[in-house]
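Open the model in your viewer and keep the selection tool handy. We will go from one stop to the next, picking residues as we go.

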Amino acid sequence: MTEFFNQISRRKFILTAGASAGAVFLKGCLGNPPENLTGGSTQAIPTAQTVANISPEQKPETTTVKLGYIPIVEAAPLIIAKEKGFFAKYGMTNVDLSKQASWGSARDNVEIGAAGGGIDGGQWQMPMPHLITEGLITKGNQKIPMYVLCQLITHGNGIAIANKHKDKGISLQLASAKSLFKELKSSTPFTAAFTFPHVNQDLWIRYWLAAGGIDPDADVKLLTVPAAQTVANMKTGTMDAFSTGDPWPYRLVQDKIGYLAALTAEIWKNHPEEYFAMRADWVDKNPKATKAILKAIMEAQQWLDNFDNRKEAATILAGRNYFNLPSPEILAGPYQGKYDMGDGRKVDDKSMAAYYWKDGKGNVSYPYKSHDLWFIVENVRWGFLPKDYVANNAAKARELINKVNREDIWKEAAKEAGIATADIPTNPSRGVEEFFDGVKFDPEKPEEYLKSLQIKKVSV
């Protein structure tokens, strides 16, 4: 796989390197913002920060960029980079963080770009950057080339279930609940929601259901629901489940609306979550500014992974400008790996907490191409992408990944920032991944992975 993924377009690499030559240059993914969210941008005053010794060769081409985010823990590296002055430290003194009302809004805004009143990039569920690049989820199927530049986070998500189903066997393992789903199917189908189709939270729910022998397309009703309506819909009983991320589990449990059947950290330990990606034209025009942004995000990720900083992080994120939470305590527990699951189960395990820089398998920030491949293969599994993406050892998928995933830029930025060599992955594949049901994904053999899955829409 290293060989396959390293076949990056040399022309693209040379163009990017040339632009900086002589001027050397991730709980769901959700998107469940406060119900009174109206969008808008924030202009927080950053903490005083020493300015890095930026050489003339590394000075950003521009100091201005507009980045979109959804108010959930995946956005923390962007917010902390702004608030702690890390963006300014690397010369990006005019970073506008724009709160997005929904994932659809983020998609629409990146289509028009900051010049048109939108955004240059920001936080994304996967594989949104690839689908936007292919013109598969854009207006008029317009192809908007995007670059994936880093992973923002691992963990921090889960599957929430309405309290009316408590004590009915709906948990991480669904074997004892299969009869319930069949019973509901004949009357009022079990209804589960996510805030954007074909991406993280949709895929988490589908994987969890299918692993328990429940066909997400035949045995339940899946809906796309605007983020601000998810909690309200569960309150009124019109929704049985949804994919949710911190800070929402605490509120669900405290308000006695629902409980958590599973954390995504239990479904796939150290899994890829949301990512940072930008319009390719912005990156190609501003390669040094891109690396300055990445350096700031990396520093924020390292700051966040110091658990002594997490109380301060929770206070910053809970603020009115960002998540607008009634109390930082809503984030404080989960940030330490402490979850009241709402069904009598308690989790107190730091390895289950959100991580931004390093987790149990190594670097979190580096965007492994093998993870991009899993998201695309899952899209093929459920019929969202045609089968030809996985034909011939996923040649078409790998071609798309090599075009979108710019791990090469991440590595350049990491080296310039003085990141230890041991913390810079040398292989674009993280290797074989294993899920809670024992299924393994070998990125060298994606068709074998598909064949091993009992429930799927694609025939392989």
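On this tour, two residues are in contact when they have heavy atoms within 4.5 Å. Keep in mind, too, that this is a predicted model.

**Stop one: a pair of helices.** Select residues 76–83, helix α3, together with residues 287–304, helix α13. Their axes lie 8 Å apart, and the helices pack at an angle of about 100°. Angles of 65 to 115 degrees count as roughly perpendicular, so that is how α3 sits relative to α13. Now show the side chains: A76, P77, L78, I80 and A81 of α3 meet A296, I297, A300, Q301, W303 and L304 of α13. What kinds of residues form this contact, nonpolar, polar or charged? Ten are nonpolar, one is polar and none is charged.

**Stop two: the largest nonpolar core.** This core has 89 residues, and I170, W208 and W374 touch the most other members. Helix α8, residues 200–211, gives the most to the core, with seven residues. Centre on W208 next and skip its neighbours within four places in sequence: its contacts are then I159, I161, I170, S171, L172, L174, A261, I267 and F436. Another core, of 58 residues, lies apart from this one; V283, A313, L325 and Y356 are among its members.

**Stop three: helix α16.** Select residues 369–381. Finish just after α16 at G383, which takes a positive phi of about 80°.

Note on methods. Residues numbered from 1 in each chain as written. Predicted model: local features only at pLDDT ≥ 70, side-chain atom pairs only at ≥ 80, totals over all residues. Heavy atoms only, no water. Helix = DSSP H or I, 4+ residues; strand = E, 2+ residues; numbered from the N terminus. Expected span 1.5 Å × (residues − 1). Axes fitted to C-alpha atoms, helices over the stretch in contact; angles between N-to-C directions. Parallel < 35°, antiparallel > 145°, perpendicular 65-115°, else oblique. Nonpolar A, V, L, I, M, F, W, Y, C, P; charged D, E, K, R; others polar. Core = buried A, V, L, I, M, F, W, Y, C linked by side-chain atoms within 4.5 Å. Buried < 20%, exposed > 50% of the residue type's maximum accessible area, 1.4 Å probe, protein only.
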